[in-house]
Amino acid sequence: MNALERVERHRVGQATVISVADTAFPACRVVVAFRGGALFDPAGAAGAHRVLAELLLRGTDQLSRDALHARFERLGSSIYASTYGDMIMFRLNCLSRHLEASLDLLREVLCEPGFRTDEHQALLEEVIDDL
């Protein structure tokens, strides 16, 4: 069976889910992409989507930044956020046996953000330093 034969597409609400099964490796990669990025930043607020994407990785309603990343680490998982001209992308890498728990954490990151004031301020300072 070639890779194209293992591609599955599903609609979930307004989202399209594309999966490719490869049982040769005991690992999974999940990519979630949203319309966003620099092209959608409000006038006078360049970098807003970049800050939003990074801020989502700095804690949830229930977990601090350190607790969130410790939980991912205990699962052998990692999560990254990237912004592009027209999208925001989150990449989750995890062991297959921890896929469900890792997806639960990803859902918490995306659906229950902490938006802590101290993390927001620290992130803004980091972004300004990068300029």
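**Pockets of a predicted model**

**View 1. The lining of the largest pocket draws its largest share, seven residues, from β3.** This is a predicted model in which local features need pLDDT of at least 70 and side-chain atom pairs count only at pLDDT 80 or more, while totals for chains, interfaces and linings use all residues. Residues are numbered from 1 along each chain as its sequence is written, and side-chain values use heavy atoms, with hydrogens and water left out. β1 (7–12), β2, β3 (27–35) and α3 (99–111) each contribute at least two lining residues, where helices (H or I, at least four residues) and strands (E, at least two) are DSSP runs numbered from the N terminus.

**View 2. The centre of the largest pocket has Ile18, Ser19, Arg29, Val30 and Val31 nearest to it, among 24 lining residues.** A pocket is an open set of points on a 1 Å grid over the protein atoms alone, where a 1.4 Å probe fits, with protein on both sides within 12 Å along at least five of seven lines, and lining residues have an atom within 4 Å of a point. The volume is about 880 Å³, taken as the space filled by probe spheres set on points joined across faces, edges and corners.

**View 3. The second largest pocket is lined by Ala33, Phe34, Arg35, Asp86 and Met87.** Its volume is about 170 Å³, and β3 gives the most to its lining, with three residues.

View 4. For the chain, the mean pLDDT (the predictor's confidence in each residue, from 0 to 100) is 88.
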